[in-house]
Structures are given as C-alpha cells and as structure tokens.
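Subject: Handover of a structure, with notes

Dear colleague,

Please find below the structure that I am handing over to you. My notes on it follow directly after.

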Amino acid sequence: MKKKKQLKYDTAYMRMALEWAKLSYCDRKQVGALIVKDRMIISDGYNGTPSGFENCCEDDENYTKWYVLHAEANAILKVAASTQSCKGATLYITLSPCKECSKLIHQSGIKRVVYANEYKDTTGIDFLKKAGVELTYLKNL
C-alpha cells in the first residue's frame, strides 16, 4: 500500500517538474527539477543561463553555452541561498543527471532521485548508485 501511495506522489511531483521544464529558454533540451522534503517543495529549477545573462542557451552553431546551468544545479543553488537544507530530500528531475550534477546531488545530502528520461551518458546515475542514493526511473510519463 505504501508503495502505491509513493508512486502517486512521485507521479504528481514529476508532472510538476515537467511543467517547470517548459520555463526553460533552451532550444535543444528543456529540463525541470523540484526538490521535495517532508512532502513540501523546498526548491525548483530549470536549465538556463545564470541571473543577469541573456536567456539564449545555445551559440551560433547550436551548441549549449558552457555557462548554462542544469536544472538540478539551479534547484540546489536556490536551497543553498535559503535557510533550507537538502539533507534527506528527494530530487524530481525530468532528465537523469550528468556526472557533474550527480556530485552536487550527493554532496547536498539528497537521498533520493526520481527521473523521467535517461540521459545518454549514465555515468551520473552510476555514481549516485555507488553513493547510496535511491534511484527511481519513472518511465512513460
């Protein structure tokens, strides 16, 4: 019974993350993230340029600019600038994390990651498994 209720919440939060992804100005890929702790959304994020920069994520050759922040990094950084903590939280993300963001996820204290799509490079997921972070792949959402 508990698993069914968790899946219901996971699905609802992931749908919200999918909506949040639509706020991204990136043309190539729009990614959204929510950080949830004790059934409260403590942060959100989407991929995009840092505050104060133009909202264009790709260069003239359609490559992502090096300074574009990933959705989960934006969400974690928002928590860092607040009085909240990610310790023990769940990250809902529309695309599985890259290796760089996986280090941030682990180091921030996030204990569970729920993702809707798999990134082509699974190094980040492999790292999180090794770090003991619980992973849930919500397919077909």
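What volume does the largest pocket have? The volume of the largest pocket is about 570 Å³. A pocket here is an open set of points on a 1 Å grid over the protein atoms alone, where a 1.4 Å probe fits and protein lies on both sides within 12 Å along at least five of seven lines; lining residues have an atom within 4 Å of a point. The volume is the space filled by probe spheres set on the points, which are joined across faces, edges and corners.

Before going further, please note that this is a predicted model, in which local features need pLDDT of at least 70 and side-chain atom pairs count only at pLDDT 80 or more, while totals for chains, interfaces and linings use all residues. Residues are numbered from 1 along each chain as its sequence is written, and side-chain values use heavy atoms, with hydrogens and water left out.

The largest pocket is lined by 22 residues, and the closest to its centre are Arg-28, Lys-29, Thr-64, His-70 and Tyr-119. The lining divides into 11 nonpolar, 4 polar and 7 charged residues. In this division Ala, Val, Leu, Ile, Met, Phe, Trp, Tyr, Cys and Pro count as nonpolar, Asp, Glu, Lys and Arg as charged, and the others, Gly among them, as polar.

The annotated residues

An unreviewed UniProt entry places the feature "domain: CMP/dCMP-type deaminase" at residues 8–135. UniProt positions are given in the numbering used here, feature names are shortened, and annotations may be inferred rather than shown by experiment. The span 8–135 is 33% helix and 18% strand, and its end C-alpha atoms lie 16 Å apart. Helices (H or I, at least four residues) and strands (E, at least two) are DSSP runs, numbered from the N terminus.

For "binding site", the unreviewed UniProt entry lists His-70, Cys-98 and Cys-101. These residues span 32 residues in sequence, yet no two of their C-alpha atoms are more than 9.0 Å apart, so they gather at one spot. From this set, His-70 and Cys-98 belong to the lining of the largest pocket.

His-70 lies in the loop between β2 and α2 and is partly exposed, at 36% relative accessibility. Cys-101, in helix α3, is buried at 5% relative accessibility. Buried means under 20% relative accessible area, exposed over 50%, and partly exposed in between (1.4 Å probe, protein chains only).

Leaving out residues up to four places away in sequence, Cys-101 touches His-70, Glu-72 and Ala-73. Contact means heavy atoms within 4.5 Å.

Glu-72 is in helix α2 and counts as buried at 3% relative accessibility. Not counting residues up to four places away in sequence, Glu-72 touches Ala-33, Leu-91, Ile-93, Pro-97, Cys-98, Cys-101 and Ile-105.

Why is α2 described as largely enclosed by the rest of the structure? The reason is that 7 of the 10 residues of α2 are buried. They are Ala-71, Glu-72, Ala-73, Asn-74, Ala-75, Ile-76 and Val-79, and the buried residues of α2 pack against β1, β2, β3 and α3.

In α3 (residues 99–108), Cys-101, Ser-102 and Ile-105 are buried. They cover an arc of only 105 degrees around the axis, which puts them on the same side of α3; the arc is that of the directions from the helix axis to the C-beta atoms. The buried residues of α3 pack against α2 (71–80), β3 (90–93), β4 (112–115) and α4 (123–130).

After α3 comes Gly-109, whose phi is positive, near 95 degrees. Ile-110 lies in the loop between α3 and β4 and is buried, at 1% relative accessibility. Ile-110 and Val-133 are 23 residues apart in sequence and 7.5 Å apart in space, C-alpha to C-alpha.

Two residues in the loop between β1 and β2 (40–46) remain to be mentioned, Asp-38 and Arg-39. Phi is positive in each, near 55 degrees for Asp-38 and near 60 degrees for Arg-39. Asp-38 is exposed at 67% relative accessibility, whereas Arg-39 is partly exposed, with a relative accessible area of 49%.

Yours sincerely
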